[in-house]
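Please read it with the structure open.

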Amino acid sequence: MVTHLFMQNRNLMQIFKWPVALGVLTLFGLIIALLEDGVLEHVSLLALSIPIIVIIYFYYRD
Amino acid sequence: MGSIKTWAWVHKWSSLICTVFMLLLCLTGLPLIFGHEIGHLLGDEVEPPKMSENTPFASMDDVIASAKSRYPNDVVQYVFKEPDESTFWFVSMGKTPLDDDNKFLMIDSRTAKILDEPKFDEGFMHIMLRLHVDLFAGLPGMLFLGLMGFLMVIAVVSGAVLYAPFMRRIAFGEIRKNRTAKLKRLDTHNFLGVVTLVWVFVVGLTGVVNAWSELVVNYWQADQMAEMVAPYKDLPPPTRFASIQAGIDVAKKLEPNLNLAFIAFPGTAFSSQHHYGIFMNGNSPLTARLYKPVLIDAQTAELTDSREIPWYMTAFLISQPLHFGDYGGMTLKIIWAILDLLTIIVLWTGLMLWWKKRNQYVPDIETRVSLSEAY
């Protein structure tokens, strides 16, 4: 795991791309679950579980 | 890099001051997420008898009469219920309307029979709740924890700023596990921290808002409640009370699409000496929280006033579900619990990073460079 030694410095856009995407997903989930019942509620619960799945995937991928 | 240094200073001190309390809040919050389920498991909760869905509800007058027959010398303070539960009411009673040393009765909403006398103010869950809400120190404890929550919000924001300098050379989600323990800890802290950031921010901020609840309610009383009951200000307290069921019927006629959420009896914090405060709510997770107060003259059972709650009460009431995570069934509770555990890891790794770093020489040149950029 020395890939990062050769990695170009990443810019802010590259660094925050995924954190922002997951943050928006979380916010969407938190708010929609509050406003909606039924199908959209399930969608919002799914949205809220994605950050957890992302953490488990990256932490245990190798 | 001067500004990064400032952010690092802000992150370090805001976190250091609040971390111990945040760990306590995460640990005590965990059982509170499942408060209802734990109550069932411990067998503390009595189940009302099963009856047909169409069984009519008893008159609220009979429910109150039942409560009074148990404690003839006490006054009724509040009648309230559990969300999504219509088979029983909780009635709180005390020596006076504002007595804190109160008793609770669980009364069947269909037969008006007393089912149980739950003790909400003792046991494991009560200890967890008090540690979480006010450290057994009342309003000062609440405001103190609110301040700690505010520091945590600052730590979250400064942490997000500091994320960038640490991530210039590694990819999103990369945890350098095979190098030093410190790098692994740093990457874990940054990765878990940034992915859970929005949730921690929302739960932290709504927790801070909740810490102000008593003051918000006090302000609402002095503001809108006082305006609504102004014509009664100089009247002597009523000696004869009208039927509470008649009052509920008036409120239901006024708001046919809403349900009865709770009743505040005369002299309590949510009514006046002269009124039944009848609080109605809707059916969706959101509208169930946004109460509509209907003030009923306690002597005549006629409508005095009813107003929409002001923005600050709305903000406070919306912040509750967003803090508790109790608006999406068991799935949301489990998500809340996992995110709570992940937050404990972020707090712990952050604390360890600081603890090990004190006066420590960093042997790895590359780490030293990236750390010196950030600190």
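1. In chain B, α3(B) and α9(B) cross in a right-handed way; a crossing is right-handed if the near helix is turned clockwise from the far one by less than a right angle, and left-handed if anticlockwise. Helices here are DSSP runs of H or I with at least four residues, strands are runs of E with at least two, and both are numbered from the N terminus. The model is predicted, so local features need pLDDT of at least 70 and side-chain atom pairs count only at pLDDT 80 or more, while totals for chains, interfaces and linings use all residues. Residues are numbered from 1 along each chain as its sequence is written, and chains are lettered from A and ligands numbered from 1 in the order in which they are written.

2. Two packed helices are described by the angle between their axes and the distance between the axes. For α3(B) (residues 60-70) and α9(B) (residues 244-254), the angle is about 145° and the axes are 7 Å apart. Axes are lines fitted to C-alpha atoms, for helices over the stretch in contact, and angles run from 0 to 180 degrees between N-to-C directions.

3. Which residues meet between α3(B) and α9(B)? B:M60, B:D61 and B:I64 of α3(B) meet B:I244, B:Q245 and B:I248 of α9(B); contact means that C-beta atoms, placed from the backbone, lie within 7 Å. By class, this contact has 4 nonpolar, 1 polar and 1 charged residues. Ala, Val, Leu, Ile, Met, Phe, Trp, Tyr, Cys and Pro count as nonpolar, Asp, Glu, Lys and Arg as charged, and the others, Gly among them, as polar.

4. Chain B has 12 helices and 8 strands, whereas chain A has 3 helices and 0 strands. Of the 375 residues of chain B, 33% are buried; in chain A, with 62 residues, buried residues make up 21%. A residue is buried if 20 or more other C-beta atoms lie within 10 Å of its own, exposed if 12 or fewer, and partly exposed in between, with C-beta atoms placed from the backbone.

5. The contact of the two chains takes 28 residues from chain A and 32 residues from chain B. On the side of chain B that touches chain A, α11(B) gives the largest share, 5 residues. That side divides into 22 nonpolar, 6 polar and 4 charged residues.

6. How do α3(A) and α11(B) cross, left-handed or right-handed? Their crossing is left-handed. The axes of α3(A) (residues 39-60) and α11(B) come within 10 Å and cross at roughly 30°, which means that α3(A) is roughly parallel to α11(B) (angles under 35 degrees count as roughly parallel, over 145 as roughly antiparallel, 65 to 115 as roughly perpendicular and the rest as oblique). The residues that meet include A:L45 and A:I52 in α3(A), and B:I335 and B:L342 in α11(B). This contact has 8 nonpolar, 2 polar and no charged residues.

7. The largest nonpolar core has 40 residues, and B:M22, B:M152, B:V195 and B:L197 have the most contacts inside it. A nonpolar core is a set of buried Ala, Val, Leu, Ile, Met, Phe, Trp, Tyr and Cys residues joined through C-beta atoms within 7 Å. Both chains supply this core: α2 and α3 of chain A are among the helices that each give at least two residues. With 8 residues, α7(B) gives the most.
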